Amino acid sequence: MSLPLLAAAESAYEAPDQSIFWQPLIGSGPFAITRPAIVFALSAVLITWLLLAGTKRLSVVPGKKQMVVEAAYGFVRNSIGRDIIGSKEFLKFVPLLFTFFSIILVNNLFGVIPPIQYPTMGRIAFPLALTIFLYLTYHFVGIRKKGFAAYFAGVVPHGLPKPIVPLVFLLEVLSIVVIQPVTITLRLFGNMFAGHLILVLFITGAEHMFLEGGLGLKLVGIPTIAMAFALTLFELFVEFLQAYVYTMLAATFIASALADDH
């Protein structure tokens with residue numbers, strides 16, 4: 001492969017950046033109806049249809065739709081809700097946890113499913129909206145159970161030397177008020193944003209090599225498209241993992257707010 005061939009192709013290729021996530025379909029500016037808004041609405045319709053179809057005719061020997069719904073619900077109910085929050089109080093939080101898991105998972109999977117191929121959570125407004133709801137929930141249930149003063153006083157573990165109690169109190173309050181919601185939001189957003197950007201880079205790069213490059217770049221395009229396929233499979237794993245991690249952390253925050261010492 002000669003350097004002139006590489007230089008010619010590089011000069012014509014424009015690498016994707018964050019602008020690929022801003023796709024207004026109707027209107028412009030902050031009130032535009034965007035592609036992620038449509039995709040998110042589509043996911044809500046799809047999940048609602050699947051839940052209704054899977055529970056319409058319940059039977060002892062479940063069909064495919066019932067099996068999918070029961071497996072997803074059982075996973076969130078038992079492996080996340082009950083195991084983390086505890087058998088005494090977990091049940092009332094299962095609808096919230098199941099909503100988080102299903103809406104995040106479907107929107108993440110949309111990132112690699114043609115022709116949608118857009119990860120809604122790659123726009124920070126969507127994970128931020130979920131986190132605001134979670135944030136209000138776990139503080140509300142904690143304060144309602146213990147009272148405002150006792151809720152925040154409980155962040156300091158028992159048995160600490162008195163001189164360091166004020167410092168620990170400030171750090172713990174900072175953690176539950178600021179750090180927890182910020183990190184859970186950025187974790188989901190960052191993984192979906194970066195993963196999709198890398199996939200687009202490899203796919204469009206390989207396409208450019210095949211269509212615009214010389215023989216040398218066409219040969220380089222073969223391992224590039226193979227790498228894009230491998231990254232797509234890895235992205236599928238990351239998309240499920242991020243839905244699971246977000247839901248698990250949500251359950252952890254709720255459990256911590258309800259615990260006697262949190």
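Biologist: Let's start with leucine 201. Is leucine 201 buried, partly exposed or exposed?
Modeller: Leucine 201 is partly exposed, because its relative accessible area is 36%, between the 20% and 50% cut-offs. Bear in mind that this is a predicted model.

Biologist: Which helix is leucine 201 found in?
Modeller: Helix H7, which covers residues 165-212.

Biologist: And what does leucine 201 touch, not counting residues up to four places away in sequence?
Modeller: Tyr13, Ala15 and Pro16.

Biologist: How far apart in space are leucine 201 and alanine 228?
Modeller: Their C-alpha atoms are 8.7 Å apart. In sequence, 27 residues separate the pair.

Biologist: Stay on H7. What about leucine 186?
Modeller: Leucine 186 also has its place in helix H7. Its relative accessibility is 45%, so leucine 186 counts as partly exposed.

Biologist: Which residues is leucine 186 in contact with, leaving aside neighbours within four places in sequence?
Modeller: Ile124 and Asn191. There is also a C-alpha to C-alpha distance of 8.0 Å between leucine 186 and proline 127, which sit 59 residues apart in sequence.

Biologist: Switch to threonine 131. Buried or exposed?
Modeller: Buried. The relative accessible area of threonine 131 is 3%, and the cut-off for buried is under 20%, so threonine 131 falls in that class.

Biologist: Where is threonine 131 found?
Modeller: In helix H5, residues 125-146.

Biologist: What does the side chain of threonine 131 make a polar contact with?
Modeller: The side chain of threonine 185, at 2.8 Å.

Biologist: Now the backbone. Where is the cis peptide bond that has omega at about 0°?
Modeller: It joins proline 114 and proline 115. Proline 115 is in the loop between helix H4, residues 94-109, and H5.

Biologist: How does glutamine 117 count, buried or partly exposed?
Modeller: Partly exposed, because its relative accessibility is 39%.

Biologist: On to leucine 236. Which helix does leucine 236 lie in?
Modeller: Helix H8, residues 215-258. Leucine 236 is partly exposed, with a relative accessible area of 34%.

Biologist: One more residue. Where is the place of alanine 153?
Modeller: In helix H6, residues 148-153. At 48% relative accessibility, alanine 153 counts as partly exposed.

Biologist: What separates the C-alpha atoms of alanine 153 and glutamate 172?
Modeller: A distance of 9.9 Å, while along the chain they are 19 residues apart.

Biologist: Good. Zoom out now. How many helices and strands are in the protein?
Modeller: Eight helices and two strands. Along the sequence the pattern reads α-β-β-α-α-α-α-α-α-α.

Biologist: Is the protein a compact globule or more spread out?
Modeller: More spread out, because its radius of gyration is 23 Å, well over the 18 Å that the globule rule gives for 262 residues. The C-alpha atoms fill a box of roughly 70 × 60 × 40 Å along the principal axes.

Biologist: What share of the 262 residues is buried?
Modeller: Buried residues make up 38%.

Biologist: And what share of the contacts with a separation of 6 or more comes from residues 24 or more positions apart?
Modeller: They account for 71% of those contacts.

Biologist: Last one, charges. How many positive and negative side chains are there?
Modeller: The protein has 16 positive and 13 negative side chains. The centres of the two sets lie 15 Å apart.

Technical notes
Residues are numbered from 1 along each chain as its sequence is written. This is a predicted model: local features need pLDDT of at least 70, side-chain atom pairs count only at pLDDT 80 or more; totals for chains, interfaces and linings use all residues. Side-chain values use heavy atoms; hydrogens and water are left out. Helices (H or I, at least four residues) and strands (E, at least two) are DSSP runs, numbered from the N terminus. The radius of gyration is taken over C-alpha atoms; the globule rule is 2.2 Å times the number of residues to the power 0.38. Buried means under 20% relative accessible area, exposed over 50%, partly exposed in between (1.4 Å probe, protein chains only). Contact means heavy atoms within 4.5 Å. Lys and Arg count as positive and Asp and Glu as negative; His and the chain ends are not counted. The place of a charge is taken as NZ of Lys, CZ of Arg, CG of Asp or CD of Glu. A polar contact is a pair of N or O atoms within 3.5 Å; within protein, one must be able to donate a hydrogen and the other to accept it, and residues adjacent in sequence count only if both atoms are side-chain atoms.
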